Amino acid sequence: MSKLKNGRNVVVIGGGPGGLAAAMQLAHAGAKVTLLEAKPTLGGRCSLIEQDGFRFDLGPTFFLYPRVLKEIFQSVGRSLDDEVPMARLDPQYRITFGAGGRLDCTPNLEEMERQIVAISPQDAGALRRYMDENRTKLQKFRPILESPFNSALDLLRPPVLAAAPMAKPWKTLGQELNSYFKDPRLTIAFSFQSKYLGMSPFRCPSLFSILSFLEYEHGVFHPLGGCGQVSLAMGRVASELGVDIHLNEPVTELKFEGKLVTGVKTSRGDYELDALVINADFANAMKRLVPDRLRNRWTDRKLAAKQYSCSTFMLYLGIEGQYDKLPHHSIHIATDYEKNLREIELDHVLPEDPSFYVQNPSVTDPSLAPAGCSGLYILVPVPNLQRGTVDWDSKTTSAYREKVLDRLQLIGIDGVRDRIKTEFQVTPKDWQEKYGVHYGATFNLAHSLSQMLHRRPHNRFEDLQGVYLVGGGTHPGSGLPVIYESSRISCRQLLPKLGLSTQFMEVAP
């Protein structure tokens, strides 16, 4: 890889979580950072929708494992707790099963054990074993999730070899959870978190059993004002650190000298640079900004052959009145969960009996709706657009909306149609066309073993020179904690190229 020019000008494309975290760290280290965001607000998929006095998170609503972002804030001399107050939720969420039964999942492990035994006496003690073993697993895998993977040789590093016995690549997440729990409902309760990766637990690698462990060990949080407030706080801090933030300014072209990116072009002008950080959706950015001839490993043909996550059908409803008996987070699991997932990932048809998730944040945070009202956020996993088997025209969208509204009664939401004061929808087609998400695959490239570690687009991007990636399309993957971590991995590689120190990033645990 060629050395960068003798300068410290860095352009960041995209003001999502990864781009904001990278901008903060680069600016604090002494780089001159310009952040270009196509939308009128920061946050990307972690931004806010404001409509008729209601406020909704566009995408993520679970804030997990705050350690990573707390360390990033600490490293630049700030406090995440001061910038964004958060409430730890208990219960974390409620799971209702179409096959019967309910769990109010709580970080109080004694109470959680009581609920588990009530629906499955044969699983007494399984929770403790799961927690103890996954605590060790996370300790072993943390160095892997916090380090770059620029080639297959990185698989031979001592931390990787030490963790290898716990990786169990021959097992899926579902199979791994079956080794702890005999009742299939409990397997689902501790593996549905693979939805954060947009994958079925019956296809997702067993490594990700640590996801539900993170919830019980470290908490599920609600940032007051919504997860989008975290992005806004990061933008404030970045600006105070000297980052020049441009909203409503999409990048239209990259400038090249061979494979070295030397600048970017927008509708407002040209920006020279010494390094480029891309936080935009990976496949979309490659196809839109980088000529196919300049890409060896990630050509259009190869991108088309990759596996992508599912998409989501979203409803954001401003409701008159409140559903006080509904918890902050609710997940309903379809009666035949495996069929539900097969329809999404393999058959690429709309599920007949969809699972769904509902956020009812007003029970925790009244600031999100006008007095006497509440907002409901409804997410339904559906196929992405890769095969083009579902046409999200107005007829399909309207029919699926009706199906979803009908199913809300399964978790105790009755009479919702008569109470809707305002509404916003996002379909897979919207994710692709309005938000630049390739195939509408909301959680980016799938997290199969063939698309992880060095087989994922590298943080120091291998197809171009002077380009670094952050976000869900690079290592370690999707989900807010690892997206934030991707920024640290990329910055630790980029800053020395700019002649800047990374010492400030080594914060005390």
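This is a predicted model: local features need pLDDT of at least 70, side-chain atom pairs count only at pLDDT 80 or more; totals for chains, interfaces and linings use all residues.
**Exercise 1. Follow the stacked rings around Phe 190.**
Task: Find which aromatic pairs Phe 190 forms, and what its pair with Tyr 216 ties together.

Solution: 
- Start with the whole structure, where a search finds 23 aromatic pairs.
- One of them joins Phe 181 and Phe 190, with 4.8 Å centre to centre and 20 degrees between the planes. Planes under 30 degrees apart count as stacked, so this pair is stacked.
- Next, pair Phe 190 with Tyr 216: the centres are 5.3 Å apart and the planes 25 degrees, again a stacked pair.
- Now place the two residues. Phe 190 lies in the loop between α8 (184-189) and α9 (210-218), while Tyr 216 is in helix α9, so their pair ties together parts 26 residues apart in sequence.
- Finish with burial: Phe 181 and Phe 190 are buried, and Tyr 216 is buried as well.

**Exercise 2. Look for charges over rings.**
Task: Over which rings do the charged ends of Arg 157 and Arg 419 sit?

Solution: 
- For Arg 157, go to the ring of Phe 149; the charged end is 4.5 Å from the ring centre.
- For Arg 419, go to Tyr 323, where the distance to the ring centre is 4.2 Å.

**Exercise 3. Explore the surroundings of Glu 249.**
Task: Is Glu 249 buried or exposed, and which side chains make polar contacts with its side chain?

Solution: 
- Locate Glu 249 in the loop between β10 (244-246) and β11 (251-257).
- Its relative accessible area is 0%, so Glu 249 is buried.
- Its side chain makes polar contacts with those of Thr 266, at 2.6 Å, and Tyr 271, at 2.7 Å.
- Glu 249 also touches other residues, including Leu 36, Glu 37 and Arg 268.

Note on methods: Residues are numbered from 1 along each chain as its sequence is written. Side-chain values use heavy atoms; hydrogens and water are left out. Rings of Phe, Tyr and Trp (its six-membered ring) pair if their centres lie within 6.5 Å; planes under 30 degrees apart count as stacked, over 60 as edge-to-face and the rest as tilted. Buried means under 20% relative accessible area, exposed over 50%, partly exposed in between (1.4 Å probe, protein chains only). Helices (H or I, at least four residues) and strands (E, at least two) are DSSP runs, numbered from the N terminus. A charge sits over a ring if NZ of Lys or CZ of Arg is within 6 Å of the ring centre and within 35 degrees of the ring normal. A polar contact is a pair of N or O atoms within 3.5 Å; within protein, one must be able to donate a hydrogen and the other to accept it, and residues adjacent in sequence count only if both atoms are side-chain atoms. Contact means heavy atoms within 4.5 Å. Lists of a residue's contacts leave out its neighbours within four places in sequence.
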